[in-house]
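Work through the exercises below with the structure open. Each task is followed by a solution in steps.

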Amino acid sequence: MRYVDVDGVGRVSRIGLGTWQFGSREWGYGDRYASGAAGDIVRRARALGVTLFDTAEVYGLGKSERILGEALGAERAEVAVASKIMPVAPFPAVVRQRESASARRLGLDRIPLYQIHQPNPVFPDSVIMPGMRDLLERGRIGAAGVSNYSLARWRKADAALGRPVISNQVHFSLAHAGALEDLVPFAERENRVVIAYSPLAQGLLGGKYGLENRPGGIRALNPLFGTENLRRIEPLLQTLRDVAAQVGAKPAQVALAWLISLPGVVAIPGASSVEQLEFNVAAADVELPAQARDALTAAARAFRPVSAGRFLTGKVREKLGR
């Protein structure tokens, strides 16, 4: 495993574990998964050196935090647990209450990384950050982070907090590489962290899906799996396959290895089984030659997906047989 030291948080594994699926109905894993496989996955992750575990109060309406805390057991205070507050009413008293509820479900006295789940479109960060600053000063959290923030809003959050907002968790993968342009250079320059969620583009970068094999369930709503986008992404997928053959790994592992080769970037893939977790963690041992890494970066930048609007129009036409 590879690690990065993060101020206030500690030693963070470059491959972490996302736990949205713990207790969440939308992924279809159900109660049996939550009471069995989820705990097995967390315990195996610890054995493999994973220290970053990401959750949120809205994941399963608190179930994810509870399941994660129980699975970590006595080790919960020794790892970098990251949770998130949804800033619906982002006032200091509410922030304190919500953090306390999350910490209670996790079984923690201190949450290492506490993140604002998304920018509030009405209230500026000057409203929520006094509450986050209070949590920092009282030792309730180790560091403050944000999620789904643009670089401009990240900077404003810094100013509102009066100290560095240490991380920004964003949608980031070879298939969704916008963070390359500004967030990654900022993180490298300012000693911050970019946390990449959906790092495998819901399985698209694993090579399993294509025009002849499309996913069902929640993935079917992802515009990346539309006909036109599957055509457009093929050059990127071919580059991924070529590099995978070169380094003796699977495409999905190369996609993760590319992310964590970038300065200040960590990835938090989910896992539906212990085997999938082990597969993901093995990506930390994949060494990408500079030429291969550059080829992947160029392919990622060249991919131009169609808009969500065009995706929906195409879905309607497919249904109508046009």
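**Exercise 1.** State how many salt bridges the predicted model has, and describe the one between Glu-278 and Arg-44.

*Solution.*
- The count comes to 18 salt bridges.
- In the pair of Glu-278 and Arg-44, the closest N and O atoms are 2.8 Å apart.
- Glu-278 lies in helix α10 and Arg-44 in helix α1, so the pair ties together parts that are 234 residues apart in sequence.
- Glu-278 is partly exposed, at 31% relative accessible area.
- Arg-44 is partly exposed as well, at 32%.

**Exercise 2.** Find where Glu-137 and Arg-163 lie, and decide whether Glu-137 is buried or exposed.

*Solution.*
- The two form a salt bridge, with the closest N and O atoms 3.5 Å apart.
- Glu-137 sits in helix α4, while Arg-163 is in the loop between α5 and β8, 26 residues apart.
- Exposed means over 50% relative accessible area.
- Glu-137 has 55%, so Glu-137 is exposed.
- Arg-163, at 33%, counts as partly exposed.

**Exercise 3.** Describe how helices α4 and α5 pack.

*Solution.*
- α4 spans residues 125–137 and α5 residues 151–161.
- Their axes are 8 Å apart, at an angle of about 55 degrees.
- The two helices are therefore oblique to each other.
- Their crossing is right-handed.
- Residues in contact include Met-129 and Leu-136 in α4, and Ala-157 and Leu-161 in α5.
- By class, this contact has six nonpolar, one polar and three charged residues.

Notes
Residues numbered from 1 in each chain as written. Predicted model: local features only at pLDDT ≥ 70, side-chain atom pairs only at ≥ 80, totals over all residues. Heavy atoms only, no water. Axes fitted to C-alpha atoms, helices over the stretch in contact; angles between N-to-C directions. Helix = DSSP H or I, 4+ residues; strand = E, 2+ residues; numbered from the N terminus. Parallel < 35°, antiparallel > 145°, perpendicular 65-115°, else oblique. Left-handed = near helix turned anticlockwise from the far one by under 90°. Contact = heavy atoms within 4.5 Å. Nonpolar A, V, L, I, M, F, W, Y, C, P; charged D, E, K, R; others polar. Salt bridge = Lys/Arg side-chain N within 4 Å of Asp/Glu carboxyl O. Buried < 20%, exposed > 50% of the residue type's maximum accessible area, 1.4 Å probe, protein only.
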